[in-house]
Amino acid sequence: MEVRNDSPVGPPVHSPGELVDRMATQLRSDHKEWLRQLTVEPGRFATVEVTVHQAFQQLADQLVASLLAQATQQSPALEAAKKK
């Protein structure tokens with residue numbers, strides 16, 4: 001089974017290892033912006049908190065899709081079904 005991002009014609013998901021590397025890079029960049037926002041305007045804490053939670057939820061969704069894609073490629077049950 002091929003798993004793609006956003007739609008059936010979207011780009012294929014990255015491998016879990018590659019995705020984790022991309023996530024780390026993204027979080028290093030994002031956390032600097034979140035810190036800047038809180039430093040400049042501490043009253044935005046609630047907004048920044050929601051933004052952080054949404055970012056992690058999106059990253060979790062991407063990782064689950066990546067794991068699903070890899071698991072289906074390695075599944076003996078799926079391979080057996082393909083041969084029938």
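The accessible surface of the protein chain amounts to about 6,300 Å², and 59% of this surface belongs to carbon and sulfur atoms. The structure is a predicted model. Of the 84 residues in the protein chain, 19% count as buried.

The secondary structure of the protein chain consists of 3 helices and 0 strands, and the elements follow the pattern α-α-α along the sequence. Helix α1 covers residues 16-40, helix α2 covers residues 45-74, and helix α3 covers residues 76-83. Among contacts between residues at least 6 apart in sequence, 53% join residues at least 24 apart.

The average pLDDT is 85, and 79% of the residues score at least 70. Confidence is highest in helix α1, with a mean of 94, and lowest in helix α3, with a mean of 64. Where pLDDT is low, the predicted coordinates should not be read in detail.

Side-chain pairing was examined next. The count of salt bridges comes to 2. Side chains of opposite charge can pair when their charged atoms come close. E18 is partly exposed, its relative accessible area being 35%. R22 also counts as partly exposed, at 45% relative accessibility.

The side chains of R36 and E33 likewise meet in a salt bridge, here with a distance of 2.7 Å from N to O. R36 and E33 are 3 residues apart in helix α1 and are therefore separated by about one helical turn. A relative accessible area of 43% makes R36 partly exposed, and E33 is partly exposed at 31%.

D30 is buried yet has no salt bridge. The nearest side chain of opposite charge belongs to K32 and is 11 Å away, whereas a salt bridge requires a side-chain nitrogen of Lys or Arg within 4 Å of a carboxyl oxygen of Asp or Glu. The side chain of D30 is instead joined to that of Q26 by a polar contact of 2.8 Å.

Two residues of helix α2 were considered in turn. S66 lies in this helix and is buried, with a relative accessible area of 1%. This value falls in the buried class because that class comprises residues under 20% relative accessible area. When residues up to four places away in sequence are not counted, S66 touches V13, H14, S15, P16 and L19.

Key
Residues numbered from 1 in each chain as written. Predicted model: local features only at pLDDT ≥ 70, side-chain atom pairs only at ≥ 80, totals over all residues. Heavy atoms only, no water. Helix = DSSP H or I, 4+ residues; strand = E, 2+ residues; numbered from the N terminus. Buried < 20%, exposed > 50% of the residue type's maximum accessible area, 1.4 Å probe, protein only. Contact = heavy atoms within 4.5 Å. Areas by Shrake-Rupley, 256 points an atom, 1.4 Å probe, with all protein chains shown as cover. Lys, Arg positive; Asp, Glu negative; His and termini not counted. Polar contact = N/O pair within 3.5 Å; in protein donor to acceptor, adjacent residues only side chain to side chain. pLDDT = per-residue confidence, 0-100.
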